[in-house]
Amino acid sequence: MMLSALILIPLVGTVIVSLWPHHRPAKEVGQVALLVQVLSLVGAIVVATRFDIQQPDLQFVESLPWIDALGLTYQLGVDGLSMPLLVINSLLGAIAVYASAATIQRPRLYFSLMLLINMAVAGAFLAQNLILFFIFYELELIPLYLLIAIWGGARRGYAATKFLIYTATSGILILGGFLGFVWLGGTGSFNYDATLAQSMTLWQQGTILIAILIGFGIKIPLFPFHTWLPDAHVEASTPVSVLLAGVLLKLGTYGIVRFGLQMLPDAWAFFAPWLAVWAVVSVLYGSLAAIAQTDMKKMVAYSSIGHMGYILLAAAAATPLAILGTVLQMVSHGLISGLLFLLVGIVYKTTGTRDLTVLRGLLNPERGLPLVGSLMILGVMASAGIPGMVGFISEFIVFRGSFLTFPVPTLLCMVGAGLTAVYFLLLVNRVFFGRLAIALPSDKVEPDVMLPPVAWRDRLPAIALALLIVVLGLQPHWLSRWSEVTTLAWRSPSVAIAQPPSTTPPSMAGFAPLPFTPDVTDD
Amino acid sequence: MLPMTNTLSPNLVNDHPLQPFIERLLKAEALLPDTEINVLEVVGILKSYGVVLDAYAVNLKYIADHQFLLLFPFFKYFNGDITLNKLLKHWWHDRINYEYAEYCMRTMLWHGGGGLDAYLDSDEFQQNCDRAIQAKLKGNWLMQTLHRLFPDFLPEQVRQSAYYSGLGQFWTVMSEMFLTLSDLYDQQRITSIPEVVAHIKDGLVAAASLPITYSVEIRGDRHDLLPASAGLTFLMDTAVPYVEAVFFRGTPFLGTVSYNAQVQQISPDQSRFAYGALYADPVPVGGAGIPPTLLMQDMRHFLPDYLADYYRQGLRGDEDVRVQITQSFQKSMFCVTSAALQGLLPHPATTEVPAEQAANQAFLATWMDRLMSSRLAVVQLAER
């Protein structure tokens with residue numbers, strides 16, 4: 001029941017929040033929602049503390065038959081891949097609720113949608129049944145659409161619809177892929193089973209993999225399926241952007257790793273070199289596009305596209321270290337992009353603009369946003385992979401794990417890491433250094449720039465994320481320990497051979513030695 | 001054929017873009033609008049400035065008199081009173097930033113101007129200076145060698161000491177003037193900006209002919225460096241060069257704006273510098289390495305309650321107090337400039353003689369030319 005609780009807490013919270021009596025003050029709605037999110041975070045932490053890191057396979061498995069005829073089982077479980085993502089989901093969910101304005105319009109609907117997203121994402125990470133995953137994956141789409149369409153910026157209708165069309169397409173492709181699993185695999189159950197693909201030909205596996213790659217590629221997003229993301233980010237409010245970048249994109253990378261790498265190993269290995277090229281294109285495209293942006297939020301959004309490419313590279317390389325890198329990069333990107341979006345949100349709220357051509361000198365100690373500016377510098381350093389922060393750890397592990405398998409793509413992705421420094425230095429240099437200004441110079445005589453102070457309430461979530469980024473950067477083991485054994489078991493011949501067949505759980509049996517597993521044993 | 005003539009009448013030149021300000025000055029008003037808030041800000045900040053100036057002046061004179069030709073004056077800011085407590089306070093930086101006084105002194109020394117500058121280049125000064133240096137170096141062969149190797153170095157140090165002393169004497173007068181102003185405001189005997197300006201102008205005029213002298217005592221002998229016979233006076237030899245150097249020209253200090261001197265973003269003509277207090281941008285103040293920050297930090301310790309309360313009512317409250325102090329300070333410096341210009345008018349402002357009126361107009365117009373790029377327009381605004 002422990003895992004079900006992670007789904008039930010936000011679900012019950014959604015009901016409570018949406019039914020919160022109207023005669024009660026509106027700000028209570030937000031407080032209740034925050035309480036629910038904190039409870040769900042506590043729940044995730046409890047699961048994490050009971051999680052046996054020595055155990056490579058699924059833990060706390062729950063299984064209830066649901067619709068047998070469909071092969072739909074309510075089957076949950078957690079392993080080293082999903083454990084950190086569960087915690088990040090609850091953490092960023094709590095931060096998003098906390099960072100929402102107390103005066104938001106229609107708070108009952110807003111906060112219940114927020115909780116619904118939290119619940120759907122937790123469900124998707126926990127699901128051990130393809131249809132169940134799909135249900136949660138689609139369920140998350142609707143509240144996010146509404147959050148953008150109702151509380152978004154000026155072009156929210158356009159952005160939300162674009163998001164909906166893209167993600168619905170992604171859903172159709174994924175559903176098609178999942179159906180293919182069962183039909184071509186010849187079983188009646190949609191439960192996760194790494195042996196599903198064993199009986200398929202490479203062509204069959206490849207067809208399914210392409211559907212899944214494009215489906216999740218839209219979600220991640222990877223070039224050329226990315227165009228919905230910058231629009232959605234620009235129109236979404238700050239907390240929604242935090243959720244979108246920090247949590248929802250991870251569904252895409254999680255899907256690729258889980259269903260592509262883990263469940264279609266032959267086709268994955270066949271396509272891997274091309275996936276690495278795709279990763280490079282995505283990384284370089286995202287980074288170069290970020291350089292050209294003049295909207296801070298768009299720049300961070302394109303940076304996300306670049307940084308998600310690393311995950312595809314590492315997944316393509318599929319060494320144990322690289323797979324560990326995918327998990328770390330998911331977590332670190334969640335924390336860093338969450339921080340950056342929070343800070344951009346504060347800048348926008350205080351100055352009324354995100355225009356890089358207009359904003360200057362926000363680091364001004366007296367009249368600017370010195371603390372926000374300092375955190376921003378820390379955030380962009382983390383994003384650019386400066387040692388001492390979690391971004392370095394994850395990117396280093398990704399590159400280290402992928403280099404021997406795909407040296408050239410890895411080097412090109414490292415160029416992308418260098419480009420991160422380029423565009424974020426442009427951002428920091430323009431917006432935070434120099435003389436304070438929030439409008440273009442004019443001939444009109446105007447009083448000196450006066451920005452309202454930033455409340456500690458607004459700074460607090462950003463400070464918390466910044467602390468996590470530094471702490472996990474200095475003590476990466478606290479992050480990697482959850483996934484090391486799992487990712488090692490996936491691709492390490494020695495471990496797989498050492499395990500007698502009887503103790504190998506069915507879900508892991510398909511990950512025994514593969515002929516083309518890159519031979520990286522020094523990690 | 002008609003001879004070439006210049007038929008422009010003197011009246012025709014009354015079309016300066018800042019003509020309203022010229023007229024205000026001629027009517028004994030000020031460059032700063034006369035509002036209740038402005039009076040509160042200007043008097044309040046000058047009160048605090050008075051306290052700080054007094055500390056600066058005492059220290060400048062101490063350095064001039066007692067740290068004469070010391071190449072490593074480690075304890076120059078201690079005024080001769082070196083205790084552990086003072087040392088700790090110094091390191092803790094909760095102290096008067098005497099560095100700012102030296103910054104102003106060096107600005108004056110560099111821009112020069114006035115009788116003091118001229119006298120420091122005279123033969124008479126050179127001889128006095130040599131005698132003082134010889135007396136000071138007696139028995140110190142190391143310094144004697146240095147002096148022989150670099151014969152211009154120590155005289156330049158002595159010139160700097162003379163500026164230490166000159167600025168100290170100037171500020172002593174100004175400090176007292178500002179504190180009296182504050183007392184008069186507290187007694188409600190000064191309630192408007194023109195009255196503030198009149199008070200300062202009267203103070204400057206009263207002290208105008210105060211002699212500026214400087215002598216040092218070396219081994220019991222007194223050596224005159226600026227003797228009374230040189231005829232240096234308060235107004236023309238310290239006040240006017242000070243206003244020129246610190247209010248108008250200033251220095252393009254390092255800050256958030258970078259100047260590229262090689263492409264002449266800084267004028268090669270020193271007299272066209274416009275980086276002084278009347279041009280200063282208050283917004284970067286508070287950042288490290290921006291000299292006015294030191295002064296503003298000093299002044300925030302001595303703000304009268306009414307001014308501190310006023311600052312707290314601002315949007316950022318205490319957070320941007322140094323910027324707010326700079327804004328008030330700039331306003332007060334426009335008042336001091338008003339007083340100085342009125343005091344220096346070639347003819348009485350009320351004169352009816354057209355030629356004298358034209359001379360006054362021309363005099364003020366040349367100063368207004370220089371104020372065109374100053375913050376004059378911004379201090380006219382009512383918003384803070």
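Tutor: Start with A:Pro224, which sits in the loop between H8 and H9 of chain A. Keep in mind that this is a predicted model.

Student: OK. What kind of peptide bond runs from A:Phe223 to A:Pro224, cis or trans?
Tutor: Cis, with omega near 5°. Most peptide bonds are trans.

Student: And what joins A:Ile220 and A:Pro221?
Tutor: A cis peptide bond, with omega about -10°. A:Pro221 lies in the loop between H8 and helix H9 (228-235) of chain A.

Student: Let's go to H8 of chain A itself. At what angle do the axes of H7(A) and H8(A) cross?
Tutor: Roughly 155°, and the axes come within 8 Å. H7 covers residues 156-185 of chain A, and H8 covers residues 202-219. H7(A) and H8(A) are therefore roughly antiparallel to each other, since angles over 145 degrees count that way.

Student: Which residues make the contact there?
Tutor: From H7(A), they include A:Tyr166, A:Leu173, A:Gly177 and A:Phe181. From H8(A), they include A:Thr207, A:Ala211, A:Gly215 and A:Phe216.

Student: Left-handed or right-handed, that crossing of H7(A) and H8(A)?
Tutor: Left-handed.

Student: Now H15(A) and H16(A). How do they pack?
Tutor: At an angle of about 160°, with their axes 8 Å apart. That makes H15(A) roughly antiparallel to H16(A). Their crossing is left-handed. H15 spans residues 390-403 and H16 spans residues 407-431 of chain A.

Student: Which residues of H15(A) meet H16(A)?
Tutor: A:Glu395, A:Phe399, A:Ser402 and A:Phe403. On the H16(A) side they meet A:Pro407, A:Thr410, A:Cys413, A:Met414 and A:Ala417.

Student: Switching topic. How many residues are in the largest nonpolar core?
Tutor: It has 287 residues. Those with the most contacts inside it are A:Leu339, A:Leu343, A:Ile469 and B:Cys335. Helix H13 (residues 320-351) of chain A gives the largest share of this core, 18 residues.

Student: What is A:Leu339 in contact with, beyond its neighbours within four places in sequence?
Tutor: A:Leu375, A:Gly379, A:Ala462, A:Leu465, A:Ala466 and A:Ile469.

Student: Where does A:Gly473 lie?
Tutor: In helix H17 (residues 456-474) of chain A.

Student: Is A:Gly473 buried or exposed?
Tutor: Buried, because A:Gly473 has 21 C-beta neighbours inside 10 Å. The cut-off for buried is 20 or more. Leaving aside neighbours within four places in sequence, A:Gly473 is in contact with A:Gly388, A:Met389, A:Val390, A:Phe392 and A:Ile393.

Student: What about A:Leu41, buried or exposed?
Tutor: A:Leu41 counts as buried, with 22 C-beta neighbours inside 10 Å. A:Leu41 lies in helix H2 (residues 27-50) of chain A. Not counting residues up to four places away in sequence, A:Leu41 touches A:Ser90, A:Leu91 and A:Ala94.

Student: How far is A:Leu41 from A:Met2?
Tutor: Their C-alpha atoms are separated by 13 Å, and the two residues are 39 residues apart along the chain.

Student: Let's look at chain B. What span should helix H8(B) have?
Tutor: At 1.5 Å a residue, its 34 residues (153-186) should span 50 Å. The end C-alpha atoms are 49 Å apart, which agrees. H8(B) is followed by B:Gln188, whose phi is positive, near 60°.

Student: How does H2(B) pack with H8(B)?
Tutor: At an angle of about 155°, with the axes 7 Å apart. That makes H2(B) roughly antiparallel to H8(B). The crossing of H2(B) and H8(B) is left-handed.

Definitions and conventions: Residues are numbered from 1 along each chain as its sequence is written. Chains are lettered from A and ligands numbered from 1 in the order in which they are written. This is a predicted model: local features need pLDDT of at least 70, side-chain atom pairs count only at pLDDT 80 or more; totals for chains, interfaces and linings use all residues. A nonpolar core is a set of buried Ala, Val, Leu, Ile, Met, Phe, Trp, Tyr and Cys residues joined through C-beta atoms within 7 Å. A residue is buried if 20 or more other C-beta atoms lie within 10 Å of its own, exposed if 12 or fewer, and partly exposed in between; C-beta atoms are placed from the backbone. Helices (H or I, at least four residues) and strands (E, at least two) are DSSP runs, numbered from the N terminus. Two residues are in contact if their C-beta atoms, placed from the backbone, lie within 7 Å. The expected span of a helix is 1.5 Å times one less than its number of residues. Axes are lines fitted to C-alpha atoms, for helices over the stretch in contact, and angles run from 0 to 180 degrees between N-to-C directions. Angles under 35 degrees count as roughly parallel, over 145 as roughly antiparallel, 65 to 115 as roughly perpendicular and the rest as oblique. A crossing is left-handed if the near helix is turned anticlockwise from the far one by less than a right angle, and right-handed if clockwise.
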